[in-house]
Amino acid sequence: MTKPSLPELLHAAVTAVGGTERPGQAAMAGAVAEAVDDNSHLLVQAGTGTGKSLGYLVPALAHGERVVVATATLALQRQLVERDLPRTVDALHPLLRRRPDFAMLKGRSNYLCLHRLHEGVPQDEEEGLFDQFEAAAPSSKLGQDLLRLRDWSDDTESGDRDDLTPGVSDRAWAQVSVSSRECLGASKCAYGAECFAELARERAKLADVVVTNHALLAIDAIEGAPVLPQHEVLIVDEAHELVSRVTGVATGELTPGQVNRAVRRAAKLVNEKAADALQTASEGFERVMELALPGRLEEVPEDLGYALLALRDAARTVISALGNTRDKSVQDEDAVRKQALAAVETVHGVAERITQGSEYDVVWYERHDRFGASLRVAPLSVSGLLREKLFTERSVVLTSATLKLGGDFNGVGASLGLAPEGTAGDDLPQWKGLDVGSPFDYPKQGILYVARHLATPGREGSRTDMLDELTELVEAAGGRTLGLFSSMRAAQAAAEELRGRLDKPILLQGEETLGELIKNFAADPETCLFGTLSLWQGVDVPGASCQLVIMDRIPFPRPDDPLMSARQKAVEEAGGNGFMAVAATHAALLMAQGAGRLVRATGDKGVVAVLDPRLANARYGSYLRASLPDFWYTTDRNQARRSLAAIDAAAKADGK
């Protein structure tokens with residue numbers, strides 16, 4: 001039997017999922033197959049509606065070697081494992097004459113821990129273990145959640161938190177899960193043979209396709225201890241999110257509360273001298289943190305330096321002592337010791353990292369109204385790490401609807417540690433960029449309107465002219481508006497103002513769960529939904545409920561963002577344009593994601609309105625506009641209002 005061709009395989013898979021074959025999808029599948037066969041790298045931009053999941057799954061499955069697919073969002077992981085992969089495998093089975101296996105793998109804390117569930121939680125203030133089921137009143141929300149988790153543990157095959165519906169609070173889940181550092185290890189644990197996290201890892205070792213998330217991919221790359229099974233091909237979907245997820249994993253934090261917890265957990269397990277030294281160091285750190293003002297620390301102040309050295313040394317002593325002392329009053333000592341060790345090691349690791357003072361790290365104080373001050377440290381850049389850990393051992397395909405900024409892939413490539421496309425060099429990963437376009441006719445389906453006549457937004461103060469413009473646009477659209485704001489304060493102010501001015505329901509992020517808000521927004525065309533960051537990329541509402549997407553201003557990072565401003569400064573010191581490389585790239589990615597909320601299906605029509613004149617007037621405006629879908633462009637406010645009114649009238653005539 002001859003080997004089936006890629007077009008045949010793609011046709012079978014698309015038919016199986018009830019989709020439509022698209023030229024962009026076929027081009028993408030061909031490019032992915034080529035990259036995998038050549039062991040090279042590919043950045044591929046595939047617009048909404050291209051069917052990019054099949055564009056990479058089909059060539060990956062046809063290749064026959066193990067593939068890891070890493071995504072940023074839970075929604076896409078579920079779509080792949082519950083819908084796309086089962087149907088694709090069924091469709092390709094007769095043609096490939098084999099049935100590829102697939103599995104989902106997440107971090108350990110996403111799985112129910114049977115040891116915690118049955119033996120209890122090591123408790124800070126208690127002699128030994130704390131039975132969370134005894135302590136929580138059965139009538140309380142926590143008690144009900146815990147009882148439901150106990151019942152669920154008998155039925156679930158996966159133990160995966162995301163398979164529990166409805167879900168439980170973070171507080172309840174924390175009682176029945178462990179981090180990888182707190183885990184006893186399968187060989188030492190009484191429940192090791194039944195462990196859900198271990199079973200997931202075993203399934204992943206046997207699977208042809210492993211679906212995971214960016215965070216686990218980052219842990220696998222950064223920590224050196226392999227979490228993912230050996231694989232020949234890595235596909236990163238939603239790749240525009242990768243740098244921020246890797247940065248998040250590589251960021252360390254110390255707070256007085258966290259240090260106090262470590263002290264309490266270790267106190268029963270070490271000699272008095274070691275425990276007292278850690279307690280004293282903890283108090284010294286807390287005193288310094290009481291005076292902490294938010295902002296970057298270009299040099300670690302002397303008092304903080306002393307406090308961190310004391311903390312580091314005391315934590316090191318406790319870590320050594322934890323191995324020796326046995327307290328007969330402590331029940332299930334292994335679990336208690338492991339939790340204490342994890343807490344103290346984290347304190348030691350962050351304190352040591354900051355005191356060593358690497359020029360490649362950024363250190364800053366943050367202050368939170370509810371949680372007080374924290375000390376944070378993050379890498380100035382993750383590009384070197386990604387170049388070294390991601391692109392050396394395997395073929396990598398990175399895909400997203402937004403990878404091409406200002407007309408090329410080099411901006412995103414640089415953030416991933418890649419030299420400009422086509423640059424030759426022995427130690428440089430070779431890669432290609434491909435834009436397969438979109439099935440949508442953007443110039444006919446959408447308008448990009450920039451409110452050029454408005455005042456330039458300042459750092460503070462009310463924007464009365466912007467709120468007037470917003471009101472007029474929402475009124476013309478008949479509701480149907482997704483409002484994307486650069487801060488929660490701006491979203492709240494706009495919601496409050498428009499609730500007073502218009503007779504339309506205005507939903508505000510934070511007043512209900514995101515899922516509920518999006519469901520209610522989609523259900524009623526007159527409804528508007530206002531919010532901030534997660535709405536810029538998390539909303540998929542095709543049809544007449546979303547015909548106006550508003551951005552209140554260009555979403556540059558805040559000037560006082562310690563990490564972004566440090567990255568910008570580093571680019572400038574190296575002779576580059578820091579503003580364009582960092583701030584404009586950040587804004588372009590977010591705006592491209594935000595504008596992508598408008599057209600989600602071939603029949604969608606509408607307006608993206610940017611209420612910031614800099615998009616039309618500033619020199620960098622053309623770069624940002626080139627990063628957006630190719631909508632018809634206007635700065636004429638009357639034209640925008642007339643178009644919205646016409647789109648609204650057409651939707652009403654269709655009964656929508």
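Mentor: Two strands pair if DSSP finds at least two bridges between them; strands (E, at least two residues) and helices (H or I, at least four) are DSSP runs, numbered from the N terminus. This is a predicted model, in which local features need pLDDT of at least 70, side-chain atom pairs count only at pLDDT 80 or more, and totals for chains, interfaces and linings use all residues. Residues are numbered from 1 along each chain as its sequence is written, and side-chain values use heavy atoms, with hydrogens and water left out.

Trainee: Which residue of β13 is the bridge partner of L43?

Mentor: Seven strands form an open sheet with parallel pairing, in the order β3-β6-β2-β7-β12-β1-β13. Strand β1 (residues 41-45) pairs with β13 over five bridges in the parallel sense. The partner of L43 in β13 is G433.

Trainee: Which strands are the edge strands of this sheet?

Mentor: An edge strand here pairs on one side only. The edge strands are β3 (102-104) and β13 (431-435).

Trainee: At what angle do the axes of α11 and α16 cross?

Mentor: Axes are lines fitted to C-alpha atoms, for helices over the stretch in contact, and angles run from 0 to 180 degrees between N-to-C directions. The axes of α11 (residues 242-249) and α16 (residues 383-390) come within 11 Å. They cross at roughly 100°.

Trainee: Is R480 buried or exposed?

Mentor: R480 lies in the loop between α19 (464-477) and β15 (481-484), and its phi is positive, near 50°. Buried means under 20% relative accessible area, exposed over 50%, partly exposed in between (1.4 Å probe, protein chains only). With a relative accessible area of 1%, R480 is buried.
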